[in-house]
Amino acid sequence: MNKIPSFTIDHNRLLRGIYVSRRDTTPSGDVITTFDVRMTEPNRQPALTPESLHALEHLAATYLRNNPQWKDRIVYWGPMGCCTGNYLIVQGELESADVVDLLRDTMDFVARFEGEVPGASPRDCGNWSFMDLEQARKDARRYLQEVLADIRPENLVYPQ
Ligand SMILES: [Zn+2]
């Protein structure tokens with residue numbers, strides 16, 4: 001199994017998209033794929049706000065863990081510290097193209113979401129009011145319309 005060393009990626013040339021960050025074999029022998037779900041161009045477009053990413057985290061995780069086709073294979077969804085995207089970890093040896101439809105559905109769910117953000121309560125979250133649902137909806141819609149709707153090879157494979 002080849003590991004893809006994400007530390008060699010040139011962030012100056014990285015676009016928005018869905019990239020395979022790495023694949024790992026767990027001690028039990030499962031292959032898991034980590035995707036780089038990049039929502040803004042690093043160092044060239046404004047980063048997302050942490051409040052937007054936090055709302056997106058709750059909503060995307062909720063959607064992914066309830067998707068009938070994928071829920072049993074979802075290991076993790078969470079924000080990048082640099083606030084330009086998220087990591088999605090899925091069981092299986094996968095390519096970016098395999099999860100395009102799933103991420104379109106996920107972003108559509110976030111973009112249309114109304115009401116109380118799941119898990120946004122003092123009992124369920126460590127900083128429950130640190131959320132910006134309106135901004136998360138805008139960020140999801142923009143990523144959906146500008147990147148995922150007509151996704152291109154350069155948005156699926158890291159720059160070489
Ligand atoms: Zn939270």
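**Reading the model step by step**

Modeller: Gladly! Keep in mind that this is a predicted model. Let's start at a turn: in the hairpin of S3 and S4, five residues lie between the strands, and cysteine 83 takes a positive phi near 65 degrees.

Colleague: How many bridges join S3 to S4, and in which sense do the strands run?

Modeller: The general idea is that strands of a sheet pair through backbone hydrogen bonds, either parallel or antiparallel. Here S3 and S4 run antiparallel and are joined by five bridges. Asparagine 86 in S4 is the bridge partner of proline 79.

Colleague: And what is the order of the strands in the sheet?

Modeller: Read across it and you get S1-S2-S4-S3, four strands in an open sheet with antiparallel pairing. Strand S1 (17-25) and strand S3 (74-79) each have a single partner strand, so these edge strands are left with one side that has no neighbour in the sheet. From one strand to the next, the twist averages 15 degrees.

Colleague: Which strand pairs with S2 over seven bridges?

Modeller: That is strand S4 (residues 85-91), which pairs in the antiparallel sense with strand S2 (residues 31-38). To find a spot in this pairing, look for phenylalanine 35, which stands opposite leucine 88 in S4.

Colleague: Which strands does helix H2 touch?

Modeller: Helix H2 (residues 100-112) packs on the sheet and touches S1, S2, S3 and S4. The direction of H2 makes about 55 degrees with that of S3. Helix H3 (residues 133-148) also packs on the sheet, touching S1 and S2, and its direction makes about 95 degrees with that of S1.

Colleague: Now the metal. Which residues coordinate the zinc ion?

Modeller: The zinc ion is coordinated by NE2 of His54, NE2 of His58 and SG of Cys125, at 2.1 to 2.2 Å. The spacing of these donor residues in sequence is H-x3-H-x66-C. Histidine 58 belongs to helix H1 (residues 50-66) and cysteine 125 to the loop between H2 and H3, so this pair ties together parts that are 67 residues apart in sequence.

Colleague: Last one: how much space lies in the largest cavity, and which residues line it?

Modeller: The structure holds one cavity of 30 Å³ or more, and about 40 Å³ of space lies in the largest cavity. Its lining consists of Arg16, Met39, Thr40, Leu48, Asp139, Arg142 and Tyr143. By class, that lining has three nonpolar, one polar and three charged residues.

Methods
Residues numbered from 1 in each chain as written. Predicted model: local features only at pLDDT ≥ 70, side-chain atom pairs only at ≥ 80, totals over all residues. Heavy atoms only, no water. Pairing = 2+ DSSP bridges. Helix = DSSP H or I, 4+ residues; strand = E, 2+ residues; numbered from the N terminus. Axes fitted to C-alpha atoms, helices over the stretch in contact; angles between N-to-C directions. Contact = heavy atoms within 4.5 Å. 1 Å grid on protein atoms, 1.4 Å probe; cavity = no way out; pocket = protein on both sides within 12 Å on 5 of 7 lines; lining within 4 Å. Points joined across faces, edges and corners; volume = space filled by probe spheres on them. Nonpolar A, V, L, I, M, F, W, Y, C, P; charged D, E, K, R; others polar. Donors = N, O, S within 2.8 Å, 3.2 Å for Na, K, Ca; no water.
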